[in-house]
Amino acid sequence: MRARILRPEFFSDAQMCLLTEGARLLYEFTWLLCDRDGRIQLDYEQWRAQFFPLCDYSAEQISGYFAELCGSEDNGNFRPKYYRYQIDGEWYAVCPTFTKHQRIHDNEPPSGLPPPPEEVLAKLKLRQQNS
């Protein structure tokens with residue numbers, strides 16, 4: 001886990017207000033797990049134990065919160081906070097604005113997670129062009 005910066009405007013961001021409280025809290029937590037490229041391996045059971053040990057959330061609920069962060073095709077107003085992808089049977093996600101909002105320490109090691117496939121990279125590029 002890494003130390004990350006969360007700016008005050010996070011709490012009044014109109015996009016974040018579209019999410020449930022559980023999804024907003026999970027977004028904050030997952031930033032701590034992101035590597036320097038904003039990549040994260042999806043493991044809802046581990047997240048439940050690590051981030052919600054005193055809460056009565058199931059891994060399925062946490063999966064649902066993460067699905068909120070990824071958005072849906074029918075909500076054109078919401079900009080996804082993560083894009084999911086699968087490599088060799090393992091699920092990962094990448095945060096499209098991570099490097100914009102985080103100052104990465106020089107000593108932080110390179111990502112050990114696989115990069116997103118081309119179709120996810122195309123979504124990221126399109127998102128950056130529209131920002």
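Student: Which residue in β3 does Tyr83 stand opposite?

Tutor: Tyr83 stands opposite Val94. First, the ground rules. This is a predicted model, where local features need pLDDT of at least 70, side-chain atom pairs count only at pLDDT 80 or more, and totals for chains, interfaces and linings use all residues. Residues are numbered from 1 along each chain as its sequence is written, and side-chain values use heavy atoms, with hydrogens and water left out.

Student: What joins β2 to β3, and how do they run?

Tutor: Strands (E, at least two residues) and helices (H or I, at least four) are DSSP runs, numbered from the N terminus. Two strands pair if DSSP finds at least two bridges between them. Here 5 bridges join β2 to β3, and the strands run antiparallel. Their hairpin has 2 residues between the strands, and Asp88 takes a positive phi near 50°.

Student: How many bridges join β1 to β3?

Tutor: 3 bridges join β1 (residues 39-41) to β3, again antiparallel. Arg39 stands opposite Val94 in β3. In a regular strand, side chains alternate between the two faces of the sheet.

Student: How far apart should the end C-alpha atoms of helix α3 be?

Tutor: The expected span is 1.5 Å times one less than the number of residues. The 12 residues of α3 (residues 59-70) should therefore span 16 Å, and the end C-alpha atoms are 16 Å apart, which agrees. Gly71 follows α3, with a positive phi near 75°.

Student: Which residues of α3 are buried?

Tutor: Buried means under 20% relative accessible area, exposed over 50%, partly exposed in between (1.4 Å probe, protein chains only). In α3 the buried residues are Ala59, Ile62, Tyr65, Phe66, Leu69 and Cys70. Down the axis they fall within an arc of 150°, so they line one face of the helix. That arc is taken from the directions from the helix axis to the C-beta atoms.

Student: What covers the buried residues of α3?

Tutor: Contact means heavy atoms within 4.5 Å. The cover includes α1 (21-33), α2 (44-51), β2 (83-87) and β3 (90-94). Take Leu69: leaving aside neighbours within four places in sequence, its contacts include Leu19, Leu26, Phe78 and Tyr82.

Student: How many residues has the largest nonpolar core?

Tutor: A nonpolar core is a set of buried Ala, Val, Leu, Ile, Met, Phe, Trp, Tyr and Cys residues joined through side-chain atoms within 4.5 Å. The largest has 27 residues; those with the most contacts inside it are Leu26, Tyr27, Ile40, Trp47, Phe66, Leu69 and Tyr82. Helices α1, α2 and α3 each supply at least two residues of this core. A second, separate core of 6 residues includes Tyr92, Val94, Val120 and Leu124.

Student: How many aromatic pairs are there?

Tutor: Rings of Phe, Tyr and Trp (its six-membered ring) pair if their centres lie within 6.5 Å; planes under 30 degrees apart count as stacked, over 60 as edge-to-face and the rest as tilted. The count comes to 12 aromatic pairs. Phe29 and Phe51 are stacked: 4.6 Å centre to centre, 10° between the planes. Phe29 lies in α1 and Phe51 in α2, so the pair ties together parts 22 residues apart in sequence. Both are buried.

Student: What is the geometry of Tyr44 and Trp47?

Tutor: Their ring centres are 5.4 Å apart with planes at 90°, so the pair is edge-to-face. Both lie in α2, 3 residues apart, about one turn of the helix. Trp47 counts as buried at 1% relative accessibility, and Tyr44 counts as buried at 18%.
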